[in-house]
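User: I am new to this structure and would like a close look at a single part of it. Please start with the surface and then move to the helix that follows.

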Amino acid sequence: PLSRSRSAVKRNGKLHNNIQLATVLGDHNEVLGLFAFCRDVTVMAEKSNQLKTVEEEVIKQKAELARYVTCIDYIMDKGTMRLASYSPVSHTLTIYRHIGEEQLNLTQTRCMTFVDNRYHRKAMHLLTHMDDCTNKVVDTDIKTTIRARGGLMLHLQLRLFPVTDKNGEVTEYFGIFQDISELKKSENLMMQETVKAQEIENTQNKFLRNMLKEIRMPLNIVVELAAQLQVKTPD
């Protein structure tokens, strides 16, 4: 049997028909005629076209997503930023080298061993905040005992956003860690220079006050003597 498709124009679009032809044979296999069966497959054809359009859009979106992932991974490779997530259920902090590629998985106890003593209270408050599933953004900085580039103590800026389920309950926190050690070093140097400049200014002001005092006393004596001489001078 033969199978063919044909399109015919109708008022609101195209009409798709599937026509099947079969030969009718006689007793001696001679062709007596043709038998045709026609079926309207317009709905199937339209669904197929819609599915093809959706598949093309999905492929396009996947390519765009892959491009963004590649860009983010490149920034993470060349920069000082890492993606991170915290689970209030397992109480673990996960740091990612690339999207979907874990670099470290740290328990709370392990996290605290890397925190500078002066930041212990701040770090504990942060962990308690997330364990309580508070629906607020975590935005703070923590100094660690880890050495960064150049021997600096690693100083991290944390910005984690709460992730909620369909009921609005916080299930985890997700965001970024960024190395701000160089920035903190610059801020400390600037603060030290500011203190030095203030000390120099105070010294100069003190020197000027002393000089004015030393100059004012002789001048007062001279003025007083001049006044006395003026009084004693005859008309």
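Analyst: In this predicted model, Val24, Leu32, Phe35 and Phe37 form a nonpolar surface patch of about 410 Å². Strand β3, residues 31-40, supplies the largest share of the patch, with 3 residues. Valine 24 has its place in strand β2, which covers residues 13-25. The relative accessible area of valine 24 is 37%, so this residue counts as partly exposed; to be called exposed, a residue needs over 50%.

Next comes helix α1, made of 37 residues, numbers 42-78. From the first C-alpha to the last, helix α1 reaches 54 Å, close to the 54 Å expected at 1.5 Å a residue. Its buried residues are Thr42, Ala45, Asp73 and Met76. An α-helix has 3.6 residues a turn, so residues three or four places apart point the same way.

One of these buried residues, aspartate 73 of helix α1, carries a charge but has no salt bridge. The nearest side chain of opposite charge belongs to arginine 82, at 8.9 Å, whereas a salt bridge requires the atoms to be within 4 Å. A polar atom of the aspartate 73 side chain does lie 3.0 Å from the backbone nitrogen of isoleucine 99.

Along the sequence their pattern is β-β-β-α-β-β-β-α-α-β-β-β-α. Of the 235 residues in the protein chain, 22% are buried.

Terms used. Residues numbered from 1 in each chain as written. Predicted model: local features only at pLDDT ≥ 70, side-chain atom pairs only at ≥ 80, totals over all residues. Heavy atoms only, no water. Patch = residues over 30% accessible without salt bridge, like charges linked within 9 Å, V, L, I, M, F, W, Y side chains within 5 Å. Areas by Shrake-Rupley, 256 points an atom, 1.4 Å probe, with all protein chains shown as cover. Helix = DSSP H or I, 4+ residues; strand = E, 2+ residues; numbered from the N terminus. Buried < 20%, exposed > 50% of the residue type's maximum accessible area, 1.4 Å probe, protein only. Expected span 1.5 Å × (residues − 1). Lys, Arg positive; Asp, Glu negative; His and termini not counted. Polar contact = N/O pair within 3.5 Å; in protein donor to acceptor, adjacent residues only side chain to side chain.
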